Amino acid sequence: MTKERWLSDLRRFVADSHVKIDEPLHLHTLTKMGGPADIFVAPTNEDETAYTVKYAFENEVPLLMLGNGSNMVVRDGGVRGIVLNLKSLNEIRIDGLGVYAQGGANIKEVSKAAASHTLTGFEFACGIPGSVGGAMAMNAGAYGGEIKDIIVQATVLTREGEKFVLSKEELEMDYRKSVITKKGYYVLSAEFNLERGDQNVIDAKMADLTHQRESKQPLEFPSAGSVFKRPPGNFAGKLIQESGLQGKGFGGAEVSMKHAGFIVNKNNATANDYIQTINMVKSAVREKFGIDLELEVKIVGDDTV
């Protein structure tokens, strides 16, 4: 089957404007890098999502879930098959101490919505740039908080397009992983439970965390966020800094001078520039400290179309 056939088939169930062929993925990643997707689908509801997933499975079409592209490097050749983006599934609801959010909602916006209802427990996520689905898959965390601290349950799709609910225990959340990544599930929505707080305290904490993030992270340049997982008993940024790598890189990619744990797209970097810089960092840290840094970002796609 050709991508033109996939396009035609998917448009039978998903609105024409939400299914595109050869869509440039640099338009959908925070690194501002990445080649074209054969087919790009942005469904408007859960039924369209389930249909797309089931179609890909039944026709053996590769399928990649792309949140807001905050934790992903897409190679310059782009992605073969279907790229599924849930950006239109972004509903957020507050009911008492409960927070409901669809998989495509921005986790920062969920944090802000909770704060606006005087709910505490979600402040840690006010600076995380990912989607709810991505945050769930990776058990996103910052400043002492993690998704697993507040999650109640999630509604997911299997690769076969079957929908079911997973409890907190069934989600098996650990440091930067979950059953979602293990089984290849797709997150449709999540439900969280928070506590009633003091508005002044919540606002002050949000402001402090925002200041810490803006003062320490290189937000002025596109990036994939923190590139490496934290090694046991150490910090990736510290190891990279002590290896003298800040300001170094390939092409338009560079290890940030502001935070060594970030590699930034400083000057129209290609994905190849970015990946070469990642490999340089891994090699230098291994040589100096004998530590193999593990990627937190996901590298996907082909080198050439």
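Q: Which strands does α2 lie across?
A: This is a predicted model. In it, α2 lies across β2, β3 and β5 (79-85). The helix runs at about 160 degrees to β5.

Q: What is the strand order in the open sheet of 4 strands?
A: The order is β1-β2-β5-β3. The pairing is mixed.

Q: Which are the edge strands there?
A: They are β1 (19-24) and β3 (63-66). Each of them pairs on one side only. On average, neighbouring strands in this sheet are turned by 35 degrees against each other, ignoring direction.

Q: How many bridges join β1 to β2?
A: There are 5 bridges between β1 and β2 (residues 36-41). The two strands run antiparallel.

Q: What caps the N-terminal end of α2?
A: N45 does. A side-chain oxygen of N45 lies 3.1 Å from the backbone nitrogen of D47.

Q: Which residues of α2 are buried?
A: E46, E48, T49, A50, T52, V53, Y55 and A56.

Q: Why do residues three or four places apart in an α-helix point the same way?
A: Because an α-helix has 3.6 residues a turn.

Q: New topic. What is the order of the open sheet with 3 strands?
A: It goes β15-β17-β16, with antiparallel pairing. β15 (223-226) and β16 (253-255) are at the edges. Each has a single partner strand, so one side of each has no neighbour in the sheet.

Q: What stands opposite V255 in β17?
A: I263 does. β16 and β17 (residues 262-265) pair over 3 bridges, in the antiparallel sense.

Q: Which helix packs on that sheet?
A: Helix α8 (residues 271-289). It touches β15, β16 and β17, and its direction makes about 25 degrees with that of β16.

Q: Now the whole protein. How many helices and strands are there?
A: The protein has 8 helices and 18 strands. Its radius of gyration is 20 Å, close to the 19 Å from the globule rule for 305 residues, so the protein is as compact as a globular protein of that length.

Q: What share of the residues is buried?
A: Buried residues make up 49% of the 305.

Definitions and conventions: Residues are numbered from 1 along each chain as its sequence is written. This is a predicted model: local features need pLDDT of at least 70, side-chain atom pairs count only at pLDDT 80 or more; totals for chains, interfaces and linings use all residues. Side-chain values use heavy atoms; hydrogens and water are left out. Buried means under 20% relative accessible area, exposed over 50%, partly exposed in between (1.4 Å probe, protein chains only). A polar contact is a pair of N or O atoms within 3.5 Å; within protein, one must be able to donate a hydrogen and the other to accept it, and residues adjacent in sequence count only if both atoms are side-chain atoms. Two strands pair if DSSP finds at least two bridges between them. Axes are lines fitted to C-alpha atoms, for helices over the stretch in contact, and angles run from 0 to 180 degrees between N-to-C directions. Contact means heavy atoms within 4.5 Å. The radius of gyration is taken over C-alpha atoms; the globule rule is 2.2 Å times the number of residues to the power 0.38.
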